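Biologist: I'd like to go through this model with you and ask what stands behind each label. Shall we start with the terms?

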Amino acid sequence: MISLESKKTHINQLIERCKKNDSTAQMQVYDAYYKAMYNTSYRILKDEFEAEDLIQEAFLTAFSKLHTFKGEVTFGAWLKRIVINKSLTQLKKNIRYDEVKMEVVSNYEVEETTIDYSSLNVKQVMDSLQSLKNSYRVILTLNLIEGYDYEEISQILKYTNENVRTTISRAKKKLKQVLLANTNKTQVYGG
């Protein structure tokens, strides 16, 4: 079992070799981070081919800007920020990104009903998340899956903190509604 410290040292050594345009090291870094970065991009773009293209572009950008990587965060976190920024830019280019068109979510039906979370599986939650409109899907992906806090999300999306809080709150209520509807369908139709 490789320790976390030796893995970090290995990655740092690879990064130093990448800075010298060592193509073998670049391929090893690509192989180590490709899947996680692809998943991040795909969750934002919802398109396999776009995510694939974007990842290629993100790695090219990362390798060409490697001199700006100072090691204040892990390389993976630095690369993920490039992937997220490029994914959001691509989403906006596609004019699929409705900035702040808020959907009205009625409070009473969501607040009153409880979901048996133990009966949910990851696929149900991810499918429900993918079915949300883009602004909700992106903001919940950044918050719940990528683990960014409100402050970081407001910087990434260029929203006010207030807008981030409101959008996340509404998106969570909408996700709960979708999960409830899907859970009820499953119970009524037996799966």
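Modeller: Happy to. Buried means under 20% relative accessible area, exposed over 50%, and partly exposed in between, with a 1.4 Å probe and protein chains only. Please note that this is a predicted model, where local features need pLDDT of at least 70, side-chain atom pairs count only at pLDDT 80 or more, and totals for chains, interfaces and linings use all residues. Residues are numbered from 1 along each chain as its sequence is written, and side-chain values use heavy atoms, with hydrogens and water left out.

Biologist: Which residues of helix 4 are buried?

Modeller: Those under the cut-off include Phe75, Trp78, Leu79, Ile82 and Lys86. For the protein's 191 residues, the buried share is 39%.

Biologist: Why is Ala171 called buried?

Modeller: Its relative accessibility is 0%, so Ala171 counts as buried. This residue sits in helix 9 (residues 161–189).

Biologist: What is Ala171 in contact with, leaving aside neighbours within four places in sequence?

Modeller: Contact means heavy atoms within 4.5 Å, and on that basis the partners are Leu132, Tyr136, Ile139 and Leu140.

Biologist: How do you know what span to expect for helix 4?

Modeller: The expected span is 1.5 Å times one less than the number of residues. Helix 4 (residues 75–93) has 19 residues and reaches 27 Å from first C-alpha to last, close to the expected 27 Å.

Biologist: How many helices and strands are there in the protein?

Modeller: Nine helices and zero strands, where helices (H or I, at least four residues) and strands (E, at least two) are DSSP runs numbered from the N terminus.
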